[in-house]
Amino acid sequence: MEQIPGYQRRVSVPVKVGHVTVGGDAPIVVQSMTNTDTVDEIRTAVQVADLARAGSELVRITVNNEDAARAVPGIRQRLDDMGIEVPLVGDFHFNGHKLLRAVPECGRALGKLRINPGNVGKGSRRDPQFAEVVEIARDLDRPIRIGVNWGSLDQDLLSRLMDENARRPDPAPPEAVMQDAVITSSLQSAERAEALGLRHDQIIISCKMSRVQDLISVYSDLAKRCDFPLHLGLTEAGMGSKGIVASTAALSVLLQQGIGDTIRISLTPEPGGDRTQEVIVAQEILQTMGIRSFTPLVAACPGCGRTTSTFFQELADEIQSHVRERMPEWSRRYPGVESMSLAVMGCVVNGPGESRQADIGISLPGTGEKPVAPVYVDGEKTVTLKGERIADEFKEIVEQYVERRYGSGAPAG
């Protein structure tokens with residue numbers, strides 16, 4: 001897609017995670033995490049596959065005990081059998097050093113390890129346990145994400161920085177010291193990992209916060225202080241619209257500044273909800289900002305007193321669902337189709353104009369308007385639909401357009 005005005009990616013070192021590159025000039029990577037019990041190989045593999053098919057390019061799984069560690073190779077094999085190549089990221093806390101030593105095949109099945117410096121051990125155990133995980137990653141030639149989280153921050157480090165701050169003539173606010181502690185923890189841990197033999201291009205950093213302004217402040221500072229790839233995510237973002245809005249607000253500011261090499265939207269699913277929603281939200285943030293294209297998006301008017309019928313809403317939803325269902329095949333057969341734009345408009349005020357701006361658009365009749373729906377293709381009116389089959393006929397027009405424009409016989413460019 002065209003470069004968006006004012007957007008320039010921060011320069012970072014590329015890190016290979018399996019077949020996926022994070023950082024450098026690679027596209028910003030979308031990732032997610034399972035919420036199944038990792039010990040349940042079948043359910044975990046199925047959810048990983050669902051997330052991967054939805055567009056997650058890395059999937060993290062919890063490895064919290066020896067049974068979970070022993071399940072990881074089986075999960076990897078099940079995914080391979082399904083033709084799902086997405087790299088797995090092992091999420092380790094507290095006992096990762098023990099699990100990776102006890103079950104060496106677990107580390108071999110993973111594309112990356114994630115450790116939290118605040119959770120690798122306390123007191124005198126912290127450094128040796130951190131070192132053990134890093135040395136295992138080094139020997140396996142696996143990258144590590146050093147994931148600092150403000151909710152599990154190294155309390156010894158925080159206390160030391162708070163004490164130092166209190167002795168200053170003009171102390172900084174506690175929030176600023178906490179933010180500095182998060183950044184310091186990540187950078188000192190990365191420096192320690194390199195001293196232990198991990199290459200510079202095997203380290204990814206994240207500093208997750210739960211408040212929007214804190215996240216923006218921390219990553220804006222962190223981006224100036226290192227060239228490691230940065231993983232963005234608002235931790236504990238929340239449920240439903242709150243989680244989506246908060247994550248979008250935080251990440252959009254950072255992404256516009258060129259900060260971020262991989263992202264996750266940490267949504268709390270509704271009871272029985274679809275875990276893949278967080279993948280779709282991540283994709284839509286990147287796509288609506290013009291940074292990456294994943295699937296054709298459907299523009300639709302919000303409705304007003306001119307559009308008392310719900311038909312345009314139902315058609316917009318039907319077309320967006322149709323596009324998502326068709327994308328697995330379209331993406332294989334029609335390179336570039338993900339950038340196609342569609343519009344489903346509800347009345348004569350903005351309908352024709354918006355429809356002309358899209359690759360394919362339909363302007364439906366509003367209340368009291370003539371019951372016809374002109375269709376615009378590449379800015380030109382091509383046909384007027386009416387009757388009971390408008391939805392099916394419009395989908396047929398979309399299919400024909402995809403074949404004509406993006407098929408093997410389509411002109412280059």
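Predicted model: local features only at pLDDT ≥ 70, side-chain atom pairs only at ≥ 80, totals over all residues.
Residues are numbered from 1 along each chain as its sequence is written, and side-chain values use heavy atoms, with hydrogens and water left out.

**View 1**
Helix 11 covers residues 311-333; helices (H or I, at least four residues) and strands (E, at least two) are DSSP runs, numbered from the N terminus. A salt bridge, meaning a side-chain nitrogen of Lys or Arg within 4 Å of a carboxyl oxygen of Asp or Glu, links Arg326 to Glu329 at 2.7 Å, N to O. These two residues lie three residues apart in the helix, about one turn, whereas Glu329 and Arg333 are four residues apart, again about one turn of the helix. Arg333 is partly exposed because its relative accessible area is 44%, given that buried means under 20% relative accessible area, exposed over 50% and partly exposed in between (1.4 Å probe, protein chains only). Salt bridges that share partners join Arg326, Glu329, Arg333, Glu399 and Glu403 into one network. Glu329 also counts as partly exposed, at 26% relative accessibility.

A search of the whole structure finds 29 salt bridges, and one of them brings together the side chains of Arg138 and Asp139 at 3.1 Å, N to O. Arg138 is partly exposed, with a relative accessible area of 33%, while Asp139 is exposed, with 54%. Asp141 is placed in the loop between helix 5 (126-140) and strand 7 (144-149), and its phi is near 60°, a positive value in a residue other than glycine. With a relative accessible area of 46%, Asp141 is partly exposed.

**View 1. Phe94 in a loop.**
Phe94 belongs to the loop between strand 5 (88-92) and helix 3 (96-102). Although Phe94 is not a glycine, it has a positive phi of about 65°. Its relative accessibility is 57%, so Phe94 counts as exposed.

A nonpolar core is a set of buried Ala, Val, Leu, Ile, Met, Phe, Trp, Tyr and Cys residues joined through side-chain atoms within 4.5 Å. The largest one has 84 residues, of which Ile144, Ile205, Tyr219, Leu222 and Leu255 touch the most other members. Helix 7 supplies the largest share of this core, eight residues. Apart from this core lies another, of 32 residues, among them Trp330, Tyr334, Val375 and Ile390. Leu222 touches Ile183, Ser186, Leu187, Ile205, Cys207 and Leu230, not counting residues up to four places away in sequence; contact means heavy atoms within 4.5 Å. The expected span of a helix is 1.5 Å times one less than its number of residues, so the 22 residues of helix 7 (residues 174-195) should span 32 Å, and this agrees with the 31 Å between its end C-alpha atoms. Just after helix 7, Gly197 takes a positive phi of about 110°.

**View 2. Thr262 in strand 11.**
Thr262 lies in strand 11 (residues 262-263), and at 1% relative accessibility it counts as buried. The side chain of Thr262 reaches the backbone oxygen of Val29 at 2.9 Å. Leaving out residues up to four places away in sequence, Thr262 touches Val22, Ile28, Val29, Gln31, Leu230, His231 and Leu232.

**View 3. Glu278 in helix 10.**
Is Glu278, at 2% relative accessibility, buried or exposed? Glu278, which is found in helix 10 (residues 277-288), counts as buried at that value. Not counting residues up to four places away in sequence, Glu278 touches Gln31, Ser32, Met33, Arg264, Ile265, Ser266 and Leu267. Glu278 and Asp180 are 98 residues apart in sequence, and their C-alpha atoms are 29 Å apart in space.

Note on methods:
Polar contact = N/O pair within 3.5 Å; in protein donor to acceptor, adjacent residues only side chain to side chain.
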